[in-house]
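Me: I would like to go through a structure feature by feature. Show me the model, then tell me how to read it.

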Amino acid sequence: MPNLSTPPLSSAALPTAARIRVWDLPVRLFHWLLVATILIAFLSSEEDSALAPWHVPAGWIAAVLIAFRLVWGFVGGEHARFADFLRPSQIAHHIGGLFSGKPERSIGHNALGGIAIIALLGTVGGIVYSGATMQGEAEGGLHETLANVLLGLIALHVIAVIAMSLLTRDNLIGAFITGTKRSDLHPGVADARPPTSLALPVAAVAIAGSAYGVTLIDPLAFSPGAHAEAGERGAGPESGERSDD
């Protein structure tokens with residue numbers, strides 16, 4: 001008798017779930033570059049760290065990244081825009097879904113996620129500002145306090161992303177790597193609108209302009225270890241070794 005059973009499909013023959021585009025490339029690059037920059041800033045915060053020469057440049061690079069993100073929040077892709085995820089009126093609904101055990105999937109940042117993004121950007125900005133202007137123990141204490149606040153915000157952010165990924169079965173971390181999500185989890189949702197035609201030129205001007213502005217404030221901003229060398233030569237205050245985070 002002939003074998004009428006269906007042969008198992010090989011992994012190569014299995015259908016691939018359709019994907020929808022969510023996050024544009026520039027906003028994803030910003031996200032992971034900021035993660036790397038913050039990591040370097042924390043690892044280089046001790047004077048005996050091998051990365052110590054990179055502490056000041058890391059802080060100024062973070063400042064340039066924030067300048068880009070502020071601009072991209074108006075000209076970037078659909079879900080990168082502030083207008084898309086800053087929805088205070090939706091916070092109560094989102095929290096209600098969490099407490100009821102039925103959290104809704106969000107194609108972009110959910111309401112609480114949007115608030116978290118602003119809090120993270122604002123805290124990083126405060127760290128850079130306090131580091132660039134600190135004079136004496138009081139300002140140094142503020143710099144360190146804000147750094148600790150940032151650590152707490154990052155921890156909450158990571159926990160929330162993992163929890164929402166598990167609760168909604170929507171891989172949020174993977175989405176910020178690939179820029180896409182499974183379409184079957186978001187039925188009827190189309191690809192996100194791309195950035196405007198002038199988005200990249202405007203962003204390039206913002207990056208160049210902010211980088212130039214940084215060098216006006218601190219000519220040694222992007223030179224690893226330059227502040228320490230200048231301090232050793234008596235060309236600047238010892239606190240210049242840690243002018244920002």
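Reply: Start with the naming of elements. Helices of at least four residues and strands of at least two are taken from DSSP runs and numbered from the N terminus. By that numbering, V205 lies in helix α8. Keep in mind that this is a predicted model.

Me: How many helices and strands are there in the protein, and what pattern do they follow along the sequence?

Reply: There are nine helices and two strands. Along the sequence the order is β-α-α-α-α-α-α-α-β-α-α.

Me: What share of the protein's residues counts as buried?

Reply: Buried means under 20% relative accessible area, and exposed means over 50%. Of the 245 residues, 38% count as buried. The accessible surface of the protein comes to about 14200 Å², with 67% of this belonging to carbon and sulfur atoms. As for contacts with a separation of 6 or more, 73% are between residues 24 or more positions apart.

Me: Back to α8. What span should its 19 residues have?

Reply: The expected span is 1.5 Å times one less than the number of residues. For α8, residues 199–217, this gives 27 Å, and the end C-alpha atoms are 27 Å apart, which agrees.

Me: Which residues of α8 are buried, and which are exposed on the other side?

Reply: The general idea first. An α-helix has 3.6 residues a turn, so residues three or four places apart point the same way. In α8 the buried residues are A199, A203, A206, S210 and V214. Viewed down the axis of α8, these buried residues fall within an arc of 65°, so they line one face of the helix. On the other side of α8, the exposed residues are V205, Y212 and L216. The cover over the buried residues of α8 includes α2, residues 55–75.

Me: What is the relative accessibility of V205?

Reply: V205 has 59% relative accessibility and therefore counts as exposed, the cut-off being over 50%.

Me: Which residues of α4 are buried?

Reply: In α4, residues 91–99, they are I91, H94 and G97. They cover an arc of only 125° around the axis, which puts them on the same side of α4. The face turned away from that buried side carries the exposed residues A92 and F99. Just after α4, G101 takes a positive phi of about 80°.

Me: Next, charged pairs. How many salt bridges does a search of the whole structure find?

Reply: Side chains of opposite charge can pair when their charged atoms come close. The cut-off here is a side-chain nitrogen of Lys or Arg within 4 Å of a carboxyl oxygen of Asp or Glu. The search finds four salt bridges. One of them joins the side chains of D191 and R21, at 3.1 Å from N to O. D191 lies in the loop between β2 (180–182) and α8, and R21 in strand β1 (residues 19–21), so the pair ties together parts 170 residues apart in sequence. D191 is partly exposed at 34% relative accessible area, and R21 is exposed at 55%.

Me: Which side chain does R193 meet in a salt bridge?

Reply: That of E78, at 3.6 Å from N to O. R193 is in the loop between β2 and α8 and E78 in the loop between α2 and α3 (82–85), so this pair ties together parts 115 residues apart in sequence. R193 is exposed, with a relative accessible area of 56%.

Me: Is K181 buried or exposed?

Reply: K181 is buried, with a relative accessible area of 2%. Its side chain meets that of D170 in a salt bridge of 3.4 Å, N to O. The pair links distant parts of the chain: K181 is in strand β2 and D170 in the loop between α6 and α7, eleven residues apart. D170 is also buried, at 3%.

Me: Last, the surface. Which residues form a nonpolar patch there?

Reply: W32, V35, V158, I162, L166, I173 and I177 form it, with about 640 Å² of accessible area together. Helices α1 (25–43), α6 (136–168) and α7 (172–178) each supply at least two residues. The largest share, three residues, comes from α6. I173 lies in helix α7 and is partly exposed, with a relative accessible area of 40%.

Key
Residues are numbered from 1 along each chain as its sequence is written. This is a predicted model: local features need pLDDT of at least 70, side-chain atom pairs count only at pLDDT 80 or more; totals for chains, interfaces and linings use all residues. Side-chain values use heavy atoms; hydrogens and water are left out. Buried means under 20% relative accessible area, exposed over 50%, partly exposed in between (1.4 Å probe, protein chains only). Contact means heavy atoms within 4.5 Å. Accessible areas come from the Shrake-Rupley method with a 1.4 Å probe; for residues, only the protein chains shown count as cover. The arc is that of the directions from the helix axis to the C-beta atoms. Patches are made of residues with over 30% relative accessible area and no salt bridge: like charges are joined within 9 Å, nonpolar side chains (Val, Leu, Ile, Met, Phe, Trp, Tyr) within 5 Å.
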